[in-house]
Amino acid sequence: DGIRDPESCLVGSEMCIRDRERIGGAGKGGAGLLTCLKTLGYAASARGWRMAFTSNYNPETRGSLVEGPLVLSAEQEITSPVVDTFTAVMAFDQDGYQSYGGRLDRGGLIVWDSTRVLDPAEIPEAESYGLPIHEIAHRAEAPRSSNMVLLGVFNRLRGLFTVDELEAAMRDFLPTGRHDFVPPNRRVLDAVEELDLEQYRL
């Protein structure tokens, strides 16, 4: 469920979802989780894939809890984004790691901010990567785009979309007045492509 199908997928960054990829995430308002999930959802739609997304947050309170699931499928119908467990998780802080990490499928992927997740409990059989997202974004001269580190790492490890597709997706859903965020977001995504990810694996 939500795992690569090597017989029907293209080589390289392209991937076909055999069943469903169930992506969950949590963090504080302003961390950029929803932008990550929407970018993936719009990229999937542009491919002609099915997707369902919802979120839970208080838009009036920056710093309050933000969480949301996104379900993607190249072939299967999706009736609801509400799921009990996830094939992948993005955790922007300790609370997100604890609440969503415990709902990760066996063998699932979790990517997390190592500057805010200070006590990462071991998740048996998980692929777990903790990165200093703010440091990496600063090195890419895009300090306000640190969320793109988790998006880029997730996407690179899963092989879902090209960076060009992610950039196009952001241009699709972001209001025109916020398109100035796209170039720095792209710089961070490009920087992630050059990282040695094994050094960040737990």
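What pattern does the protein chain follow, read along the sequence? And then, please, take me to helix 4.

Guide: Happy to! This is a predicted model, in which local features need pLDDT of at least 70 and side-chain atom pairs count only at pLDDT 80 or more, while totals for chains, interfaces and linings use all residues. Residues are numbered from 1 along each chain as its sequence is written, and side-chain values use heavy atoms, with hydrogens and water left out.

Read along the sequence, the pattern is β-α-β-β-β-β-α-β-β-α-α-α-α. That gives six helices and seven strands; these are DSSP runs numbered from the N terminus, with helices being H or I of at least four residues and strands E of at least two. Of the 202 residues in the protein chain, 51% count as buried, where buried means under 20% relative accessible area, exposed over 50% and partly exposed in between (1.4 Å probe, protein chains only).

Now to your helix. Helix 4 covers residues 147-158, and its 12 residues should span 16 Å at 1.5 Å a residue; the expected span is 1.5 Å times one less than the number of residues. The end C-alpha atoms of helix 4 are 17 Å apart, which agrees. Because 10 of its 12 residues are buried, helix 4 is largely enclosed by the rest of the structure. Among those buried residues are Met 148, Val 149, Leu 150, Leu 151 and Phe 154, along with Arg 158. Just after helix 4, Gly 159 takes a positive phi of about 70°.

Phe 173 counts as buried at 16% relative accessibility, whereas Tyr 42, at 36%, counts as partly exposed.

Trp 49 and Phe 161 form a tilted pair too, because their ring centres are 5.4 Å apart and their planes at 40°. Here Phe 161 brings us back to your helix: Phe 161 sits in the loop between helix 4 and helix 5, while Trp 49 sits in the loop between helix 1 and strand 2, 112 residues apart. Both Trp 49 and Phe 161 are buried.

Methods: Phe/Tyr/Trp six-rings, centres within 6.5 Å; stacked < 30°, edge-to-face > 60°.
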